[in-house]
Amino acid sequence: MHKQTHAPAPTEIDHTLFRAYTRTPHDVGGEPDVPIVYQEKEEEVWELNTFATCECLAWRGVWTAEERRRKQNVDVGQTVYLGMPYYGRWLMTAARILVDKQYCTLTELHNKIVELKERAKSGQGLGEYLPAKTK
């Protein structure tokens, strides 16, 4: 709904506007859509590693499943929700929570990402990050 408003009074918010304000990107029940063909797909290594990392963060008490779901499905907005891969949203959420809860700074996280990219380019140190079957 594209309509310029400046903090409307409660009496100015009709049902349609209320629905537009409160609808979350993953809440698509009853929305019109086209048929989609469901296809089984084997997870890629990065997806499996993302899942394991996120589960470890939960086991360590960094977040709850509800907190993760809210941050990756509700708080991201429709463009990110529809534009990122499923586990890509998990990774983004993990990074946001680690920084937001001050487990690390954004600079530390950035520096670690740069370090791992350099290792991957040079082919050094990848054994630590790959499952045994891909070594």
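**Notebook: aromatic cluster and surroundings**

I began with the rings: Phe51, Tyr86, Tyr87 and Trp90 form one aromatic cluster. The rule I used pairs rings of Phe, Tyr and Trp (its six-membered ring) if their centres lie within 6.5 Å, with planes under 30 degrees apart called stacked, over 60 edge-to-face and the rest tilted.

**Ground rules.** This is a predicted model, so I noted that local features need pLDDT of at least 70 and side-chain atom pairs count only at pLDDT 80 or more, while totals for chains, interfaces and linings use all residues. Residues are numbered from 1 along each chain as its sequence is written, and side-chain values use heavy atoms, with hydrogens and water left out.

**Confidence.** I looked up pLDDT, the predictor's confidence in each residue, from 0 to 100. The chain has a mean of 82, and 79% of its residues reach 70 or more. Helices here are DSSP runs (H or I, at least four residues), numbered from the N terminus. I keep in mind that where pLDDT is low, the predicted coordinates should not be read in detail.

**Aromatic pairs.** I count four aromatic pairs by the ring rule. In one of them, the ring centres of Phe51 and Trp90 are 5.6 Å apart and the planes are at 40°, so the pair is tilted. Because Phe51 lies in helix 2 and Trp90 in helix 5, this pair ties together parts that are 39 residues apart in sequence. For burial I took under 20% relative accessible area as buried, over 50% as exposed and anything in between as partly exposed (1.4 Å probe, protein chains only). Phe51 is partly exposed at 37%, whereas Trp90 is buried at 3%.

Tyr87 and Trp90 also form a tilted pair, with 5.1 Å centre to centre and 55° between the planes. Both lie in helix 5, three residues apart, about one turn of the helix. An α-helix has 3.6 residues a turn, so residues three or four places apart point the same way. Tyr87 is buried, as is Trp90.

I then checked for a charge over a ring (NZ of Lys or CZ of Arg within 6 Å of the ring centre and within 35 degrees of the ring normal). Arg68 lies over the face of Trp90, 3.9 Å from the ring centre.

**Helix 3.** Arg68 is one of the buried residues of helix 3 (residues 65–74), along with Lys71, Gln72, Asn73 and Val74. These buried residues pack against helix 4 (77–83) and helix 5 (86–100). Contact in these entries means heavy atoms within 4.5 Å.

**Core.** I looked for nonpolar cores, meaning sets of buried Ala, Val, Leu, Ile, Met, Phe, Trp, Tyr and Cys residues joined through side-chain atoms within 4.5 Å. The largest has eight residues: Cys54, Leu57, Val62, Trp63, Tyr87, Trp90, Ala94 and Ile97. Helix 2 and helix 5 are the elements that give two or more residues to this core. Helix 5 supplies the largest share, four residues.

**Tyr87 and Glu43.** Not counting residues up to four places away in sequence, Tyr87 touches Glu43, Trp46, Glu47, Thr50 and Phe51. Glu43 sits in the loop between helix 1 and helix 2 and is partly exposed at 41%. Leaving aside neighbours within four places, Glu43 is in contact with Leu48 and Tyr87. The C-alpha atoms of Glu43 and Tyr87 are 9.9 Å apart, across 44 residues of chain.

**Cysteines.** I searched the whole structure for disulfides (cysteine sulfur atoms within 2.5 Å) and found zero. Cys54 is in none, and the nearest cysteine sulfur, that of Cys56, is 9.3 Å away. Cys54 is buried at 2% relative accessibility; Cys56 is partly exposed at 37%.

**Met92.** Met92 is in helix 5 and is partly exposed, at 24%. Beyond its neighbours within four places in sequence, Met92 is in contact with Val76, Val80 and Met84. The C-alpha atoms of Met92 and Val76 are 9.6 Å apart, with the residues 16 apart along the chain.

**Gln102.** I noted a positive phi of about 60° at Gln102, which is not a glycine. Gln102 lies in the loop between helix 5 and helix 6 (106–122) and is exposed, at 71% relative accessibility.
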